[in-house]
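Reader: I have this one open for the first time. Can you walk me through it?

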Amino acid sequence: MNKKIKDELLRQAKLTFNVALGVSAISAIITLFGVALIYCDKISEATLTASGGTLATMTSLNMAKEAKNELVRILEEEEEE
(Lines give C-alpha, C1' and ligand atoms only; values in the text may rest on other atoms or scores of the structure.)
Protein backbone atom coordinates (compact mmCIF):
# COMPACT_ATOMS: atom_id res chain seq x y z
CA MET A 1 0.00 0.00 0.00
CA ASN A 2 2.86 2.41 0.82
CA LYS A 3 4.40 1.87 -2.62
CA LYS A 4 1.08 2.65 -4.33
CA ILE A 5 0.66 5.83 -2.30
CA LYS A 6 4.23 6.92 -3.04
CA ASP A 7 3.73 6.23 -6.74
CA GLU A 8 0.49 8.21 -6.66
CA LEU A 9 2.23 11.12 -4.89
CA LEU A 10 4.91 11.14 -7.57
CA ARG A 11 2.31 10.99 -10.35
CA GLN A 12 0.34 13.84 -8.80
CA ALA A 13 3.48 15.91 -8.31
CA LYS A 14 4.29 15.59 -12.01
CA LEU A 15 0.71 16.34 -12.99
CA THR A 16 0.54 19.29 -10.61
CA PHE A 17 3.67 20.77 -12.14
CA ASN A 18 2.26 20.43 -15.66
CA VAL A 19 -1.11 21.87 -14.65
CA ALA A 20 0.51 24.74 -12.74
CA LEU A 21 2.69 25.54 -15.74
CA GLY A 22 -0.29 25.52 -18.10
CA VAL A 23 -2.50 27.55 -15.78
CA SER A 24 0.30 30.05 -15.22
CA ALA A 25 0.74 30.50 -18.96
CA ILE A 26 -2.99 30.96 -19.49
CA SER A 27 -3.16 33.33 -16.54
CA ALA A 28 -0.32 35.40 -17.99
CA ILE A 29 -2.14 35.64 -21.31
CA ILE A 30 -5.36 36.65 -19.56
CA THR A 31 -3.50 39.26 -17.51
CA LEU A 32 -1.87 40.71 -20.63
CA PHE A 33 -5.31 40.84 -22.24
CA GLY A 34 -6.54 42.71 -19.17
CA VAL A 35 -3.69 45.22 -19.49
CA ALA A 36 -4.59 45.73 -23.15
CA LEU A 37 -8.20 46.41 -22.12
CA ILE A 38 -7.00 49.02 -19.63
CA TYR A 39 -5.18 50.84 -22.44
CA CYS A 40 -8.37 50.73 -24.50
CA ASP A 41 -10.30 52.40 -21.63
CA LYS A 42 -12.29 49.25 -20.87
CA ILE A 43 -11.57 49.30 -17.14
CA SER A 44 -14.44 47.06 -15.95
CA GLU A 45 -13.63 44.35 -18.50
CA ALA A 46 -9.96 44.50 -17.53
CA THR A 47 -10.79 44.03 -13.87
CA LEU A 48 -12.98 41.05 -14.66
CA THR A 49 -10.32 39.49 -16.88
CA ALA A 50 -7.50 39.91 -14.37
CA SER A 51 -9.69 38.58 -11.54
CA GLY A 52 -10.66 35.53 -13.58
CA GLY A 53 -7.04 34.70 -14.35
CA THR A 54 -6.00 35.02 -10.73
CA LEU A 55 -8.94 32.97 -9.48
CA ALA A 56 -8.24 30.16 -11.96
CA THR A 57 -4.62 29.94 -10.86
CA MET A 58 -5.41 29.93 -7.15
CA THR A 59 -8.19 27.35 -7.48
CA SER A 60 -6.19 24.82 -9.48
CA LEU A 61 -3.14 25.06 -7.23
CA ASN A 62 -5.27 24.77 -4.09
CA MET A 63 -7.01 21.62 -5.36
CA ALA A 64 -3.66 20.00 -6.16
CA LYS A 65 -2.30 20.91 -2.73
CA GLU A 66 -5.33 19.42 -0.96
CA ALA A 67 -5.02 16.13 -2.88
CA LYS A 68 -1.32 15.90 -2.04
CA ASN A 69 -1.94 16.63 1.65
CA GLU A 70 -4.60 13.89 1.79
CA LEU A 71 -2.20 11.33 0.31
CA VAL A 72 0.55 12.35 2.72
CA ARG A 73 -1.88 11.97 5.62
CA ILE A 74 -2.86 8.48 4.44
CA LEU A 75 0.82 7.55 4.06
CA GLU A 76 1.58 8.75 7.60
CA GLU A 77 -1.35 6.75 8.99
CA GLU A 78 -0.09 3.63 7.20
CA GLU A 79 3.39 4.09 8.66
CA GLU A 80 2.00 4.42 12.19
CA GLU A 81 0.24 1.04 11.98
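Author: A term to begin with: helices (H or I, at least four residues) and strands (E, at least two) are DSSP runs, numbered from the N terminus. K3 and D7 both sit in helix α1, 4 residues apart, about one turn of the helix.

Reader: What do K3 and D7 form?

Author: A salt bridge, with the closest N and O atoms 3.2 Å apart. The term means a side-chain nitrogen of Lys or Arg within 4 Å of a carboxyl oxygen of Asp or Glu.

Reader: Where do these numbers come from?

Author: This is a predicted model, where local features need pLDDT of at least 70 and side-chain atom pairs count only at pLDDT 80 or more, while totals for chains, interfaces and linings use all residues. Residues are numbered from 1 along each chain as its sequence is written, and side-chain values use heavy atoms, with hydrogens and water left out.

Reader: How many salt bridges does the whole structure have?

Author: The search finds 2. R11 and E8 also meet in a salt bridge, at 2.7 Å, N to O. R11 and E8 are 3 residues apart in helix α1, about one helical turn.

Reader: Is K3 buried or exposed?

Author: Exposed, because its relative accessibility is 58%. The cut-offs are under 20% relative accessible area for buried, over 50% for exposed and partly exposed in between (1.4 Å probe, protein chains only). D7 is partly exposed at 40%.

Reader: Which residues of α1 are buried?

Author: I5, L9, Q12, V23, S27, G34 and L37.

Reader: And what follows α1?

Author: D41, whose phi is positive, near 60°.
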